[in-house]
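Have a look at the structure first, then read on.

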Amino acid sequence: MSQSMSNELHQLGVAELAAKLAAREVSSTEVTRHLLARAKAHPGLGAYLALNEEAALAQAQAADARLAAGERTPLLGVPLAHKDIFVTRDLPTTAGSKMLNGYFSPFDATVVTKLADAGMVNLGKLNCDEFAMGSGNDNSAYGPARNPWDAERIPGGSSGGSAAAVAARLVPAATGTDTGGSIRQPASLTGITGIKPTYGRCSRYGMVAFASSLDQAGPMARSALDCALLLSAMAGPDLDRDSTSLDHPAENFASNLMANNARQSFDKGQKSLNGLRIGLPKEFFGDGCAPGVQAAVRAALAEFEKLGATLVDISLPRTELSIPVYYIIAPAEASSNLSRFDGVKFGHRAAQYADLADMYQKSRTEGFGPEVQKRIMIGTYVLSHGYYDAYYLQAQKIRRLIAQDFQQAFTQCDVIAGPVSPTVAWKIGEKSDDPVANYLADIYTLSTSLAGLPGMSIPAGFGEHGMPVGLQLIGNYFKEAQLLGVAHQFQLATDWHTRAPQEFRT
Amino acid sequence: MALNAQDIARIAKLARLELDAAHSDRMLHQLNGFFDIVEQMNAVDTAGVEPLAHPTAVMEQVALRLRDDAVSEPNQREANQRSAPAVERGLFLVPKVIE
């Protein structure tokens, strides 16, 4: 293989790589070697927490053998990397926390197993906010991940390492998890595509738990088509291992998109989204959203109109309430989930302690970072005697009202669109002294998570400081195929999703 | 309603966290800042509204499942204890609990 071709391998997305692998124009081993070398050439991004060098090459060789034997499955031999919140037997899992420094799980997460079974090659584990709590990846105990568009800025969070790695062309796709926006927001801030499916679509087995009634896995990649290919392999019932996994059959989310992937022959005048009604919640287009973000989102919506879609004004009246409701429910569930870290069977144990109670306290205080401690405190308080009804129960009731607001909205439209984040990526350290400001920045993603709806972010251009802006698309329950199809039509007509940061273009 | 330093100490004890004075002050300030934005929840009339735990229950019945009460996992004591802070002869070590 020529040097020039090798230099282009990292520019290929999942579908393009899969096609070249299937045509035997390139081997999985070549791609894997190339991407491992590229990861090592960019340590400053802080994207990877662990590289899987030897095992990845063995997996690539196994994939090449299967390809040589004539096997053809959609993801065979394509590399990916996992957010370090998915447990793995053969690689350490930290969840971005000192608490789990050096931890090896006795099993693989279901999502990890499913993608391995699909023939994907695991290049390693990616940085994230500690226990997925954060919107900037600056709460990682292992240092921040950086935005490939501007290394002074955050890549978003909590799936910040996943977003940075995909945007910098270190890997064609990565897994992420989304509890209140942790796939959509980093995808938006780094100019990539990501989808959080309906709550319960992907198994939570082996995802280090943050807030169990909200946590959901999803793919992050460079296009809706690539996300569809991954989601088809990730989703599906896991009834014996995850009590909240839905008994809803897996779908091939990519088949319709593959059938209609003729980018070169795409007719600019074609009305491929004729009849589609896109709802615009007025609460998502207020003064709180930066002008550059609004402009990019409006331009993307105009593009959808050109494709035949109709824009409809709708209202999600409890959008602002979603902030306190989420920041009661998620910390409450987190405080319960994180009570398992007691320094006994796994995780950090303090070196010095007086007795058992002191060991618990010192181990937890040393192991958890400040944001995690704060959320444990909030959660412990709102679940404590005398406060449960006023906070947790009241939040769960308003959660139902928020979910019902969406059902009301979906009587007027097919999908909902708006910004993902009120601003472009901010500078590392800029917001850390103002925790409430961090929470307010999640305003456009929280309600979708509370309602358990599928939501995605697709690149929609650039805003302030030349930084990427994502368009959020929200669908009704189980409408991932529709969402991905709508996003795909947009990506056939536009090229925002193909843009790469200057430094990572070659 | 604002929290005070005694509240922070009580919550920290329940959460098994040990906050020194500076830490406790910062926590008090941050929690009170946070609960300011929570107040708006009180004004919402939720009379007769059922709490929502599994989100798709808005749309369809979500049944809680129990799997068969049968052994499904092999014994893998070594893998389970690989990341334990202290083990001896296959047992997890903890400080003495009963005198």
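This is a predicted model: local features need pLDDT of at least 70, side-chain atom pairs count only at pLDDT 80 or more; totals for chains, interfaces and linings use all residues.

**Where the chains meet**

Let's start with the contact, which draws on 59 residues of chain A and 43 residues of chain B. On the chain A side, several helices each put in at least two residues: H11, H12, H13, H14 and H15. Which helix gives the most to this side of chain A? That would be H14(A), with twelve residues. Sorted by class, the side of chain A that touches chain B has 31 nonpolar residues, along with 18 polar and ten charged ones.

Here are those helices with their residue ranges:

| Helix of chain A | Residues |
|---|---|
| H11(A) | 322-337 |
| H12(A) | 356-367 |
| H13(A) | 370-383 |
| H14(A) | 389-409 |
| H15(A) | 435-440 |

**Chain B on its own**

Chain B has three helices and two strands, and along the sequence they come in the order α-α-α-β-β. Is chain B spread out or compact? Its radius of gyration is 23 Å, while the globule rule gives 13 Å for 99 residues; the value is well over the rule, so chain B is more spread out than a compact globule. The C-alpha trace of chain B spans about 55 × 50 × 25 Å along its principal axes. As for burial, 13% of the 99 residues of chain B count as buried.

**A covered strand in chain A**

Now over to strand S9(A), residues 415-419, where five of the five residues are buried. S9(A) pairs with strand S7(A), residues 277-281, in the parallel sense over two bridges. In that pairing, Val415(A) of S9(A) has Ile278(A) standing opposite. S9(A) is also joined to strand S11(A), residues 468-474, this time running antiparallel with four bridges. Ala417(A) has Leu473(A) in S11(A) as its bridge partner.

After H5(A) comes Gly119(A), with a positive phi near 90 degrees.

Note on methods. Residues are numbered from 1 along each chain as its sequence is written. Chains are lettered from A and ligands numbered from 1 in the order in which they are written. Two residues are in contact if their C-beta atoms, placed from the backbone, lie within 7 Å. Ala, Val, Leu, Ile, Met, Phe, Trp, Tyr, Cys and Pro count as nonpolar, Asp, Glu, Lys and Arg as charged, and the others, Gly among them, as polar. The radius of gyration is taken over C-alpha atoms; the globule rule is 2.2 Å times the number of residues to the power 0.38. A residue is buried if 20 or more other C-beta atoms lie within 10 Å of its own, exposed if 12 or fewer, and partly exposed in between; C-beta atoms are placed from the backbone. Two strands pair if DSSP finds at least two bridges between them.
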